[in-house]
Amino acid sequence: MRERVILIGLLLAVLLLVGCGGPSAPKDKCELDNPPLFEEGVLTVATDKPAYPPWFKGSSKDYSGYEGDIASEIADRMDLPIKWTVEPFNKSYAPGAKDFDFDINEITITPEREKAVDFSDGYFDNAQGVLVMKDNPAAKAKSVSDLKDLTIGAQVGTTALDFVNETVKPTEDPKVYDSTNDAKSALESGQIDVFVTDLVTTVYLRDVEIEGSTVIGKYPRNEQFGMLFEQGNPLVGCVNQVLAEMKSDGTLKELKQKHLQQYLDVPALEK
């Protein structure tokens with residue numbers, strides 16, 4: 001009888017300890033002082049080439065720009081040097097092993113892509129932009145329905161192409177290009193009336209790359225850019241911890257104001 005009383009007492013003590021928040025293993029905690037890396041002691045970050053401003057500025061040895069600065073800030077807060085490598089946009093979200101820790105390249109988080117890769121939390125709310133030449137009748141378009149009968153171009157594998165197919169639903173199949181450069185050339189030469197891509201990129205192309213072009217509007221689609229990882233990579237938790245710190249202390253907001261704010265003031269297209 002005495003042994004039973006002692007055993008019950010011990011069980012109660014254990015339950016009390018657990019109920020009072022006794023020691024337990026933290027869930028999904030990332031040890032930032034020893035993160036899992038593709039190459040020991042270095043944060044290997046991928047993006048496409050060419051990498052466009054304002055997302056990237058300078059050379060790949062020392063990128064700045066919005067995404068370049070985000071990656072560098074993450075590396076700094078993890079106390080790691082950063083090493084940049086090239087990964088074509090449409091290859092990045094294919095299934096399989098990756099030769100980088102993460103890719104940062106205006107990659108929208110989508111359920112379809114999440115079947116093959118993992119993403120960080122979002123770091124930018126994206127909208128689609130519509131770029132045309134000023135002397136093209138397309139410049140008069142004010143709404144999504146005005147785009148239906150135009151020749152539209154977009155890059156393969158992008159949410160811009162999804163927007164064209166799912167929302168605009170043009171009467172003519174869109175022209176699909178392997179890169180922004182190819183679509184840009186098609187717009188300048190009159191092969192297409194409209195080029196649809198991420199809003200910031202369209203405004204940058206208007207201001208810097210394509211003389212005589214204009215952005216007729218933007219279309220928000222509840223899209224977020226995320227950093228892309230090999231599926232199952234535990235480093236996602238580490239990066240999300242740092243990204244949360246950057247959001248809470250205002251760093252992410254400051255970088256957006258510094259690099260992107262001038263590109264966001266575009267009227268929305270009517271439906």
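This note comments on the confidence, helix packing and nonpolar cores of a predicted model.

1. Basis of the values. The model is predicted, with local features requiring pLDDT of at least 70 and side-chain atom pairs counted only at pLDDT 80 or more, whereas totals for chains, interfaces and linings use all residues. Residues are numbered from 1 along each chain as its sequence is written, and side-chain values use heavy atoms, with hydrogens and water left out.

2. Confidence. The protein chain has a mean pLDDT of 89, and 88% of its residues reach 70 or more; pLDDT is the predictor's confidence in each residue, from 0 to 100. Residues 1–29 have pLDDT below 50, and this stretch has three contacts in the model beyond near neighbours in sequence. Contact means heavy atoms within 4.5 Å.

3. Overall make-up. The protein chain holds eight helices and 10 strands, taken as DSSP runs numbered from the N terminus (helices H or I, at least four residues; strands E, at least two). Of its 271 residues, 48% count as buried, that is, under 20% relative accessible area with a 1.4 Å probe, protein chains only. Among contacts between residues at least 6 apart in sequence, 74% join residues at least 24 apart.

4. Helices H2 and H7. Helix H2 (residues 65–77) packs against helix H7 (residues 235–248) at about 110°, with the axes 10 Å apart. H2 is therefore roughly perpendicular to H7, a label given to angles of 65 to 115 degrees. Axes are lines fitted to C-alpha atoms, for helices over the stretch in contact, and angles run from 0 to 180 degrees between N-to-C directions. Ile70, Glu73, Ile74 and Arg77 of H2 meet Val239, Val242, Glu245 and Met246 of H7. These contact residues comprise five nonpolar, no polar and three charged.

5. Helices H7 and H8. H7 and helix H8 (residues 251–259) pack at about 70°, their axes 4 Å apart. Leu243, Met246 and Lys247 in H7 are in contact with Thr251, Leu252 and Leu255 in H8.

6. Nonpolar cores. The largest nonpolar core has 50 residues, and Ile70, Ile74, Phe102, Ile104, Tyr123 and Met227 have the most contacts inside it. Such a core is a set of buried Ala, Val, Leu, Ile, Met, Phe, Trp, Tyr and Cys residues joined through side-chain atoms within 4.5 Å. H7 supplies the largest share, seven residues. Ile70 touches Ile104, Tyr123, Met227, Met246, Leu252 and Leu255, not counting residues up to four places away in sequence. A second, separate core of 19 residues includes Val130, Leu150, Ala160 and Leu269.

Definitions and conventions
Angles under 35 degrees count as roughly parallel, over 145 as roughly antiparallel, 65 to 115 as roughly perpendicular and the rest as oblique. Ala, Val, Leu, Ile, Met, Phe, Trp, Tyr, Cys and Pro count as nonpolar, Asp, Glu, Lys and Arg as charged, and the others, Gly among them, as polar.
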